[in-house]
2 protein chains.
Amino acid sequence: MEQVKAGSKKEQTRERILRAAARAIRKYGYEGVGVADVMKDAGLTHGGFYAHFDSRDALLAAAAEKAGLESAESLSRALAKATPGDELMAIVDMYLADSHVTAAEQGLGCAIAAAGTEVPRQCPEVRRAVSRRIKELIGLIEQQLPEWGKSAAHEKAMSVVATLIGALLLARAVDDPQLSKGIRKSARELVRGAAG
Amino acid sequence: MEQVKAGSKKEQTRERILRAAARAIRKYGYEGVGVADVMKDAGLTHGGFYAHFDSRDALLAAAAEKAGLESAESLSRALAKATPGDELMAIVDMYLADSHVTAAEQGLGCAIAAAGTEVPRQCPEVRRAVSRRIKELIGLIEQQLPEWGKSAAHEKAMSVVATLIGALLLARAVDDPQLSKGIRKSARELVRGAAG
DNA sequence: TGCTCCATATGACGAGTATCATATTTTCTC
DNA sequence: GAGAAAATATGATACTCGTCATATGGAGCA
């Protein structure tokens, strides 16, 4: 793929396609991302797609990266607004909120909880992007656990991320709203106990 | 769909199709289950499929149920072999073992960790089957937490299941084997701390 | 052995897919 | 404003998918 000047028209279009693809991943999963639909969502027709990406897989990899960046930004915003000393639970409460359960339907929220089980079947580029994103997420949680040593904080952060993602996955999967709420509440308590 | 006599030839064939479909869900996810491939895997040709199931969705729902039953049996076997008093950690260690990370590639292991993020997009029958299966799993863990009261055990069980599934999802998604192992180890410690 | 019925196979249809060659429109430069 | 270059649209190809109508085969019974 050739070089594209920053800020050029083509670059802006590429960005629109990428945003649409990131939305599609959260809404429909990796397998559900169709070139034609993404292009339509970006306000374009399907044919021009290959002027921007070498293949559908290349799009998926770039979109996975994009989705990760968007989520990290969202977490950083929540962190900035949190009351000092309570940053971890602010993240947890945001992640396990009702609105995050339904967010995927609108193409918003955590892409790992929305399509994570498809990642092992994706091309290496996607897997690499997602792995990077997961490490970032762990690092972000790790920084909110200052009372433990660096190594212990890292250990705890990994399990906290696992609990959050697992809880959101289950909360979205079950068709019983009360169970969905119960799962998230209990995950919150588990994290609080482990971090407090 | 008409009634089928138990033990009849047709029933046996239906069972073969179902097993093949359950394998396919774990290998390729719900969206990756194709009627033709499943039939071929069951040793049949694609056309005869509709003599056994009304639609692909009906197959998915039945296969989700089947996959849940298979996993429950597997857990029960592990439970029977565990040393008394250590049942919970026996389950945890089996669930987070190296072999379970790679199991999906062979169509084995937990279907929720293999295709759970696709469940919200499936038909109501699939969602119902999966919800039932999740409740069973929570109940099974709950029974291994006798030192807590019934209500507290249920609370804890939900978060334990979330942690296990989240950890396995992440361990399968990342392309760094060391990180995969670290995530599972830390999840194990979190569960041990919460249950011990 | 011959007939009937159940189970499975063959083959086809229409819709949707990724991909690409080519045409058209838009944008920029002189 | 005219011509050049970039960006996007049109249309086609080859393929896969779920679904179904119909044909074939084989088992059990007379």
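Mentor: A polar contact is a pair of N or O atoms within 3.5 Å; within protein, one must be able to donate a hydrogen and the other to accept it, and residues adjacent in sequence count only if both atoms are side-chain atoms.

Trainee: OK. Which base atom of DNA strand D lies 2.9 Å from a polar side-chain atom of A:His46?

Mentor: A base oxygen. This is a predicted model: local features need pLDDT of at least 70, side-chain atom pairs count only at pLDDT 80 or more, and totals for chains, interfaces and linings use all residues. Residues are numbered from 1 along each chain as its sequence is written, chains are lettered from A and ligands numbered from 1 in the order in which they are written, and side-chain values use heavy atoms, with hydrogens and water left out.

Trainee: What about the phosphates of DNA strand D, which backbone atoms are close to those?

Mentor: A polar backbone atom of B:Val33 is 3.3 Å from a phosphate oxygen. For B:Val35 the distance is 2.9 Å, again from a polar backbone atom to a phosphate oxygen.

Trainee: Switching topic. How many residues of chain A are in contact with chain B?

Mentor: 43 residues of chain A, with 43 of chain B. Contact means heavy atoms within 4.5 Å.

Trainee: And how much area is buried there?

Mentor: About 3,500 Å², with carbon and sulfur atoms giving 66%. Buried area is the accessible area (1.4 Å probe) that two parts lose on being put together, summed over both.

Trainee: How many salt bridges between these chains?

Mentor: Four. The term means a side-chain nitrogen of Lys or Arg within 4 Å of a carboxyl oxygen of Asp or Glu. B:Glu118 forms one with A:Arg121, the closest N and O atoms being 3.1 Å apart.

Trainee: Which element gives the most to the side of chain A that touches chain B?

Mentor: H8(A), with 13 residues. Helices are DSSP runs (H or I, at least four residues), numbered from the N terminus.

Trainee: Where is A:Thr163, and is that residue buried or exposed?

Mentor: A:Thr163 sits in helix H8, residues 150-173 of chain A. A:Thr163 counts as buried because its relative accessibility is 0%. Buried means under 20% relative accessible area (1.4 Å probe, protein chains only).

Trainee: What does A:Thr163 touch?

Mentor: Not counting residues up to four places away in sequence, its contacts include A:Ala187, A:Leu190, B:Ser159 and B:Thr163.

Technical notes. Helix = DSSP H or I, 4+ residues; strand = E, 2+ residues; numbered from the N terminus. Buried < 20%, exposed > 50% of the residue type's maximum accessible area, 1.4 Å probe, protein only.
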